[in-house]
Amino acid sequence: MAQTLDVLGGITAEQFLAEYWQKKPLLVRNALPEIAGILEPNDVMELALEDNVTARLIKQKDRDPNQWSVKSSPLLKADFQKMPKLWTLLVQAVDHYSFDLSELWKKFSFIPQWRRDDIMVSYAQKGGSVGKHFDFYDVFLVQGYGHRRWQLGQMCDAETEFVAGQPLRLLPDMDVHFDEVLAPGDLLYVPPGLSHYGVAEDECLTFSFGFRMPNVSEMMDRVADKFSDDQLLKNPLTDIIRDQISSIGQITENEIGYLKEKLFEQLHNSTVIEYAIMSLMSEPKYPDNIPEAEEIGTGDLEEALDQGYQLILEPASRLLYTEQDGDILFWANGEGLCISDEFATHLKIIADGQALALDENLYDADILEDIAMLLNESVLMLVPTESE
Ligand code: SIN
Ligand code: CO
């Protein structure tokens with residue numbers, strides 16, 4: 001029988017995917033008790049002031065709380081002076097700064113890594129919120145500290161109208177059919193399009209485990225970039241065989257058909273599309289969060305074998321693979337990886353979200369070279385086994 005999951009309130013991943021994912025909300029009390037205490041409000045405040053952190057400070061005017069303002073990072077201490085009563089601080093990618101938090105992604109391993117975006121934290125005092133809104137986004141909202149009241153409303157779409165003249169896409173109304181207060185460890189899954197409104201009941205931190213999907217426009221953009229880099233495709237096409245004289249102002253249906261056919265031939269016959277998609281999906285969203293690695297050589301690794309170390313994915317890096325004709329092709333941080341066949345089965349374990357023990361199974365010159373390369377590029381990290 002399929003395994004039931006505490007994080008989903010005792011249903012199976014299969015049941016969640018069939019009934020809830022992308023469709024309807026799910027509230028789970030005490031789904032992730034481990035999250036309580038990982039970060040405190042002060043940590044979030046300090047993080048928001050650090051260089052390279054992506055954060056937003058959202059305020060509502062005291063005189064008219066329907067007037068909103070948004071200040072995006074870099075945030076300075078001065079931005080937190082003269083605060084109104086109602087405000088929210090949002091900090092992106094906190095999983096890149098806290099190993100304990102990034103470990104919690106494992107609870108959602110029924111969704112593939114390429115769908116993961118980042119973990120955002122929102123910090124507010126009593127009454128603070130980001131307004132009634134919806135996102136084109138799957139999100140698990142997990143309460144980490146204090147309490148937040150969540151209301152859920154109607155489904156929205158691209159046609160839904162927003163309140164005019166505000167810096168946030170706010171909904172004028174919500175048809176509330178769900179109204180619950182979440183305490184530390186509680187989780188609420190919100191599918192794309194569902195309107196939601198979360199108001200802090202007291203000083204509170206809410207963690208959003210966000211899942212992204214690419215849009216066609218950005219994929220097209222990448223595909224076009226890859227084709228336009230191809231020198232061969234820069235040669236003019238040969239002309240269509242002409243047996244008729246047509247009006248010179250017209251491009252005939254036949255002629256357009258021929259040109260379209262040449263485009264479709266490329267789209268159908270080339271691996272460029274797979275390449276473009278893999279490179280897009282493996283790109284880091286916050287490249288500045290990838291730390292500079294300390295140079296390591298294969299000799300250092302040999303010495304570290306069986307000394308209680310393991311290899312894990314650097315939280316800000318992305319590592320994905322595809323299988324083509326029996327070969328595993330890896331991609332990390334937007335680039336195709338060239339690694340030995342011997343290492344591929346091991347690296348697959350890491351890409352699948354597990355740690356890999358640095359032990360005698362990896363004692364092979366090619367494997368050690370691959371590991372050194374991936375450590376030096378900060379795709380992987382070497383950590384003591386007990387710190388997992
Ligand atoms: C919040 O935690 O206040 C905002 C998260 C969201 O609405 O997606
Ligand atoms: Co939202």
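1. Which residues are around ligand 1? Met120, Ser122, Val130, His133, Asp135, Leu141, Arg148, Trp150, His196, Thr206 and Ser208 are. A residue counts as near the ligand if one of its heavy atoms lies within 4 Å of it.

2. Some ground rules. This is a predicted model, where local features need pLDDT of at least 70 and side-chain atom pairs count only at pLDDT 80 or more, while totals for chains, interfaces and linings use all residues. Residues are numbered from 1 along each chain as its sequence is written, chains are lettered from A and ligands numbered from 1 in the order in which they are written, and side-chain values use heavy atoms, with hydrogens and water left out.

3. The side chain of Ser122 has an N or O atom 2.8 Å from a ligand oxygen. For His196, a polar side-chain atom lies 3.1 Å from an oxygen of ligand 1. For Arg148, the distance from a side-chain N or O atom to a ligand oxygen is 3.4 Å. On its own, ligand 1 has 260 Å² of accessible area, and the protein covers 93% of this. These areas come from the Shrake-Rupley method with a 1.4 Å probe.

4. Which elements give two or more residues to the shell around ligand 1? They are strand S7 (116-124), strand S9 (148-155) and strand S13 (204-211). Strands here are DSSP runs (E, at least two residues), and helices are runs of H or I with at least four, numbered from the N terminus. By class, the shell holds four nonpolar, five polar and two charged residues. Asp, Glu, Lys and Arg count as charged; Ala, Val, Leu, Ile, Met, Phe, Trp, Tyr, Cys and Pro as nonpolar; the others, Gly among them, as polar.

5. Domains. The assignment gives domain 1 (4-211), domain 2 (216-281) and domain 3 (289-387). Such bounds come from an automatic or database assignment. Taken over C-alpha atoms, the centres of domain 2 and domain 3 are 38 Å apart. Five residues of domain 2 contact seven of domain 3, with contact meaning heavy atoms within 4.5 Å.

6. The area buried between domain 2 and domain 3 is about 570 Å², with 71% from carbon and sulfur atoms. Met278, Ser279 and Met281 supply 77% of what domain 2 buries against domain 3, more than any other three residues. Buried area is the accessible area (1.4 Å probe) that two parts lose on being put together, summed over both.

7. Two backbone points to check. Ser73 and Pro74 are joined by a cis peptide bond, with omega about 5°. Pro74 sits in the loop between strand S5 (68-72) and strand S6 (86-91). Gln22 is not a glycine, yet its phi is positive, about 70°. Gln22 belongs to the loop between helix H1 (13-19) and strand S3 (26-28).

Definitions and conventions: A polar contact is a pair of N or O atoms within 3.5 Å; within protein, one must be able to donate a hydrogen and the other to accept it, and residues adjacent in sequence count only if both atoms are side-chain atoms.
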